[in-house]
Amino acid sequence: MASRAGAPLVVVALGGNAMQDPHGDDSVASDFSRTAHTADVLARIAEAGWRLVITHGNGPQVGNHLYRTELAYEDAAVPLLPLDVCVADTEGGMGYMLQQCLANAFGAAGVPAVVVALITQVLVEASDPAFEMPSKPVGEIIEDDRVLDLRARGWALVEDRRRGGWRRLVPSPDPKEIVEAGAIEALVKDGVMVIAAGGGGVPVIQNENGTLTGIAAVVDKDLASALLAIDLGADALLILTDVDAVRLSFGTPEEHPLGDVSVANARELQDAGEFAPGSMGPKIEAACRFAEATGHPGVIGSIDDALDALVGTKGTRVTRT
C-alpha cells in the first residue's frame, strides 16, 4: 500500500447535495452520477497533496428509510426498524456508493487509494435535552397538503421556506465520543482513506454496566465530523454544502458572504441569530469547535469550490483568532 503519511490530513464533511442532486430524479442511478462527480472533486484535493477522511450526511435518505419502514408496518405488519438501525442502514448503503465512486475517481486520477467505509457509533447522553426538542430535519420536502395527516401520525414538522415545503424533525443530541475513533486512526496511519461517521454516526448511549445501546436520534454530521477531526489531529475540517460561503443577513436584500472570521466573532454572530439552527448553525458550531481545539481552520464552502475553499481563496474560514 502506498503511504502518504507526511501529507496533511483533512476531514471532509459532505452535505446531502454531494450524493443526491436536488434537481435530479431521486433514482439510484442519479445518486451514483452525483456521487461520482463529488468523488472527482475529492480526487483533485488528493492530487494537491492532502490525505482525506470522508464523512457525509444522510438527512433525506434516513427520513425516507424511516418512512418506508413505518408504511410497511402499517400496511403489511412488517416489524418496524428503529431510527438508529435506519441510520446504520443508510450509513452502509451510502458508504458503499462513496467507496466505489472514490476508488474509481482516484484510480482514474492516478492517485493510489485504498478506500474503506466504516459503520461508526457515536456516543450521546440519554439526558440530552435534544430528545425533548426534535430539531434535525430528515426526509424529502413535504407538501402543504400532507402536513395535517403527518402531524396526526405524531411527526414533528418544520417549514423550510427556502425549499418551499416542510421537513420532518427528529432529536439531534450532541456527540460526545466517536466509539471507533481508534480504529479509524489506525487505518488512516496505514494509508487507508476512511469513510466514517456517515449520517453523523449511529447514536448510542452507554449503560451503567458499560454496554452500548442504540437510541432514536440522528446526530448532526458536522458536529460529529468536528469531533472526529479533533480526535485524528487533522490539519483542516472542510464542510461542503450547497452554497459557496456562509451568508450573513440570509434571505434579505443585505445578504452577503462571510469570509475569514475568528471563533469569537463567529459565536457572536451565532448568538445574534445569524445562522439557522437546522442548517448553517451546526456547521458554524462545528468549525468553531475544531478551530478552537486544534488551532487549524474550519472551512465551509461549496463542493465545486472545495479545493479553493481549503486553501483559503473561497468559502468561509473559521480560525481560532
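In what order do the four strands of the open sheet stand? The order is β8-β4-β10-β11, with mixed pairing. The model is a predicted one, in which local features need pLDDT of at least 70 and side-chain atom pairs count only at pLDDT 80 or more, while totals for chains, interfaces and linings use all residues. Residues are numbered from 1 along each chain as its sequence is written, and side-chain values use heavy atoms, with hydrogens and water left out. Helices (H or I, at least four residues) and strands (E, at least two) are DSSP runs, numbered from the N terminus.

**Strands and their pairing**

- Two strands are taken to pair if DSSP finds at least two bridges between them.
- Strand β10 (residues 202-206) runs antiparallel to β11 and is joined to β11 by three bridges; V204 stands opposite G214 of β11.
- β12 pairs with β16 in the parallel sense over five bridges, and T241 has S302 in β16 as its bridge partner.
- β16 also pairs with β17, in the antiparallel sense and over three bridges; here I300 stands opposite T316 in β17.
- Strand β16 (residues 298-302) is largely enclosed by the rest of the structure, because five of its five residues are buried. Buried means under 20% relative accessible area, exposed over 50%, and partly exposed in between (1.4 Å probe, protein chains only).

**The surroundings of T316**

- T316 belongs to strand β17 (residues 316-319) and is buried, its relative accessible area being 0%.
- The side chain of T316 has a polar atom 2.9 Å from the backbone nitrogen of V246, and this side chain reaches the backbone oxygen of L258 at 2.4 Å.
- Not counting residues up to four places away in sequence, T316 touches A245, V246, L258, G259, V261, G298, V299 and I300; contact means heavy atoms within 4.5 Å.

- A nonpolar core is a set of buried Ala, Val, Leu, Ile, Met, Phe, Trp, Tyr and Cys residues joined through side-chain atoms within 4.5 Å.
- The largest such core has 45 residues, and I184 and I284 have the most contacts inside it. Two or more residues are given to this core by each of β1 (9-14), α5 (181-189), β9 (192-195), α6, β12 (236-241), α7 and α8.
- Apart from neighbours within four places in sequence, I184 is in contact with L118, T120, I178, V194, A196, L228 and L232.
- A second, separate core holds 33 residues, among them L14, I45, V111 and M193.
- Which residues of α5 are buried? They are A181, I184 and V188. These residues cover an arc of only 65° around the axis, which puts them on the same side of α5; the arc is that of the directions from the helix axis to the C-beta atoms.
- The elements covering the buried residues of α5 include β1, β2 (51-56), β8 (177-178), β9 and α6.
- G191 follows α5 and has a positive phi, near 90°.

**Salt bridges**

- Side chains of opposite charge can pair when their charged atoms come close.
- A salt bridge is a side-chain nitrogen of Lys or Arg within 4 Å of a carboxyl oxygen of Asp or Glu; by this rule the count comes to 15.
- K283 and D222 form one, with the closest N and O atoms 3.0 Å apart. This pair links distant parts of the chain, 61 residues apart, with K283 in helix α8 (residues 280-294) and D222 in helix α6 (residues 221-232). Both K283 and D222 are buried.
- E285 forms a salt bridge with R267, the closest N and O atoms again lying 3.0 Å apart. E285 is in helix α8 and R267 in helix α7 (residues 263-271), so the pair ties together parts that are 18 residues apart in sequence.
- E285 is buried at 16% relative accessibility, whereas R267 is partly exposed at 23%. Salt bridges that share partners join D174, K176, R267, E285, R289 and E292 into one network.
- The side chains of R153 and D149 also meet in a salt bridge (3.9 Å, N to O). R153 is partly exposed, with a relative accessible area of 32%, and D149 is partly exposed at 46%.

Terms used:
A polar contact is a pair of N or O atoms within 3.5 Å; within protein, one must be able to donate a hydrogen and the other to accept it, and residues adjacent in sequence count only if both atoms are side-chain atoms.
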